[in-house]
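Work through each one before you read its solution.

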Amino acid sequence: MANSRKSAVNLIDQVGQFLQKYITDHNSHITVAVSGGLDSVVLLYLCSQLTDQLQFRLSAVHINHQLQSINDEMQQHVIKLCEKLSIPLTVVAVNVELDSGLGLEKSARQARYNVYKTLDTDFLLLAHHANDQAETFLIQLFRGSGLPGLAAMPESRLLKPTTIQLLRPLIHVKRSVLYDYALTRQLTWVEDPTNQDSYYARNYIRQVLAPLIGNKFSHWVDTLNRTSLHLAKSQQLLDTLALIDLQQCTLDNRLDGRKVVALGEERAANLVRYWLVKTNLPVLQEAQWQSWWQQVKTRKQDTHPRLDFAGVSLVSDNNYWYIINNIAPWQTITVSTWQLNDIEIPYVGVLTSQRVLGKGVKETSLNQCVTLKRREGGESLKVHSQRPHKEIKQLFQELHIPLWQRDRWPFISDEKGLIAIPGVATELVHQAGPDEWGIVLTWRFYYINGQGDALHVKI
């Protein structure tokens, strides 16, 4: 019993020292995510014991996944616990998308984190412990993950895109210590029956592999946690190198492909991985990266490398690499009376108008029923009185407009034919004369998931 009391005291000190590393403002708001299981119950109780000492404001959040009947029992247990400890509690029921294609565990995690990002708090505390970390290492190892995956769970990170700092105060504590603490304090918790289902990878490792490994390597949890830390430090060095390369190879959210290729394959792959992560996109799988690398390494001047992944595309144009959205072809838009308001084509771009004397498209040409539609092919315009009609394809080429943009560019037409292509050309008969009011049109494409820098062009 003496050893248990000593372990309990050490655990309080350990968690207190952990929190002091990150929580320097005594008025900080801390929220503990409490499932009702052993780990989160212990973490909540520890934080309740530290509130006076560290002077932070404490609350809790419980996510009811509504996947099984015991979820309601766990919710009631958390409610009673928080009432007993006088801790404000937020309970949120979520609908887990079972047909999302992510699998049950990932879908449930996504639902939880969607709630976490809405919390009004400074810090969110999760109860992952050392055994969880070791299990995560093995899961990532069997998946063939690289360094970021094998580095497993960090003890702290920013919960993007919020300002909430996510902390794992128990990440260096073994589950056996938490169990002893709970028994000593006579804490109660609810066991999730799905934890016994060895169909799930984590449960299989916990129930089948862990006992076998422990029989031969008694300190395997400490060893794998130490290995994860080593790999995390190695990844930090790679990220530092990638940041240096990014600063040298970036222009307006685009990568200079020639400079990236000059780095060599391994360093280029590290840079692209870092760049995608900063853009909140998944990294490329090895086969995807090899496909892209072969395209850009041997590309000819007249080719347009493109790689589709995760609902977006990595494209190269004029030796610059950037990300575009993969979207379904947009439908024709009818404008009965032209206004100076912006016209947005969702996920594609926005068309703005400015009334100017002697420039742009004749105001009278647009003050009728016109349509905005996509390119059909074979269109041409007469731009100059002394020159013949010119094919749109040729105009696009002369302006060095990227290939991917050409089929998304809006064409403005009336019942008689093409009036103008914003940023490209205007049909001669629709060009505003020196004494005529015209509409100067600006077309701007959305880059990088509908955000970020965009192309600005005018006619």
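Two strands count as paired if DSSP finds at least two bridges between them. Helices (H or I, at least four residues) and strands (E, at least two) are DSSP runs, numbered from the N terminus. The model is predicted, so to speak of local features takes pLDDT of at least 70 and side-chain atom pairs count only at pLDDT 80 or more, while totals for chains, interfaces and linings use all residues. Numbering starts from 1 along each chain as its sequence is written, and side-chain values use heavy atoms, leaving out hydrogens and water.

**Exercise 1.** Find how β2 (residues 57–64) and β3 (residues 89–93) run, and which residue V61 faces.

*Solution.* Start with the bridges: five of them join β2 to β3, and the strands run parallel.

**Exercise 2.** Work out the strand order of the open five-stranded sheet.

*Solution.* Reading across gives β7-β8-β11-β10-β9, paired antiparallel. The edges are β7 (250–251) and β9 (306–309), each pairing on one side only. Now zoom in on β9: four bridges tie it to β10 (residues 312–317), with L307 partnering L314.

**Exercise 3.** How are α9 (residues 220–249) and α11 (residues 265–278) packed?

*Solution.* Take the axes (lines fitted to C-alpha atoms over the stretch in contact, with angles from 0 to 180 degrees between N-to-C directions). They lie 9 Å apart at about 85°. Since 65 to 115 degrees counts as roughly perpendicular, α9 and α11 are therefore roughly perpendicular.

Definitions and conventions. Parallel < 35°, antiparallel > 145°, perpendicular 65-115°, else oblique.
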